[in-house]
Amino acid sequence: MMKSLKAAMLAAAMVAMVASAHAAQTPSVELGKKLFNDPKLGGATGAKTCASCHPNGTGLEFSSESPKLAQNINTCLTRAMNGAPLPDNSVEIKSLILYHQSFK
């Protein structure tokens with residue numbers, strides 16, 4: 001009985017871990033908002049975030065229309081925040097783009 005309970009608990013923990021990892025791999029507006037407010041985005045070491053210059057998305061209302069949005073995000077990340085650029089196909093950049101699109 002005890003072994004089956006431990007096995008069930010282990011299985012439940014593994015399912016939760018897989019679900020959590022899958023959620024982290026899916027771009028979303030929510031993740032974009034979290035990253036927008038993260039001072040560690042791209043490995044940055046300061047206290048500045050995207051929201052430091054664009055509180056509540058100020059000035060980004062039309063940013064989603066730019067065909068170079070990923071490049072623009074990386075420019076801010078590397079210059080203003082001293083972080084590393086995010087790959088164009090990463091969950092992080094896709095989530096930040098979704099978050100930018102939510103400002104319309």
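Some housekeeping before we look around. The model is predicted, so to speak of local features we need pLDDT of at least 70, and side-chain atom pairs count only at pLDDT 80 or more, while totals for chains, interfaces and linings use all residues. Residues are numbered from 1 along each chain as its sequence is written, and side-chain values use heavy atoms, with hydrogens and water left out.

Let's start with the overall layout. The protein chain has five helices and zero strands, and its pattern along the sequence reads α-α-α-α-α. Helices here are DSSP runs of H or I with at least four residues, strands are runs of E with at least two, and both are numbered from the N terminus. Of the 104 residues, 28% count as buried; buried means under 20% relative accessible area, exposed means over 50%, and partly exposed lies in between, with a 1.4 Å probe and protein chains only. Contact, for today, means heavy atoms within 4.5 Å. Among contacts between residues at least 6 apart in sequence, 61% join residues at least 24 apart.

Now, helix 2, residues 29–36. Which of its residues are buried? They are Gly32, Leu35 and Phe36. These residues cover an arc of only 100° around the axis, which puts them on the same side of helix 2; the arc is taken from the directions from the helix axis to the C-beta atoms. As a reminder, an α-helix has 3.6 residues a turn, so residues three or four places apart point the same way. On the face turned away from the buried side, helix 2 carries the exposed residues Glu30 and Lys34.

What covers that buried side? The cover includes helix 3 (50–53) and helix 5 (91–101). Take helix 5: helix 2 packs against it at an angle of about 95°, with the axes 7 Å apart. Axes are lines fitted to C-alpha atoms, for helices over the stretch in contact, and angles run from 0 to 180 degrees between N-to-C directions. Helix 2 and helix 5 are therefore roughly perpendicular to each other, the class for 65 to 115 degrees, where under 35 is roughly parallel, over 145 roughly antiparallel and the rest oblique. By class, the contact of helix 2 with helix 5 has eight nonpolar, three polar and two charged residues. Nonpolar covers Ala, Val, Leu, Ile, Met, Phe, Trp, Tyr, Cys and Pro; charged covers Asp, Glu, Lys and Arg; the others, Gly among them, are polar.

Helix 5 also packs with helix 4, residues 69–79, at about 105° and with axes 10 Å apart. Leu69, Ala70, Ile73 and Asn74 of helix 4 meet Ile93, Leu96, Ile97 and His100 of helix 5. That contact divides into six nonpolar, two polar and no charged residues.

Thr49 is in the loop between helix 2 and helix 3 and, at 11% relative accessibility, counts as buried. Leaving out residues up to four places away in sequence, Thr49 touches Phe36, Asn37, Asp38, Pro39 and Met81. A polar atom of the Thr49 side chain lies 3.1 Å from the backbone nitrogen of Ala51. Ala51 sits in helix 3 and is buried too, at 16% relative accessibility. Beyond its neighbours within four places in sequence, Ala51 is in contact with Phe36 and Asn37.

Methods: A polar contact is a pair of N or O atoms within 3.5 Å; within protein, one must be able to donate a hydrogen and the other to accept it, and residues adjacent in sequence count only if both atoms are side-chain atoms.
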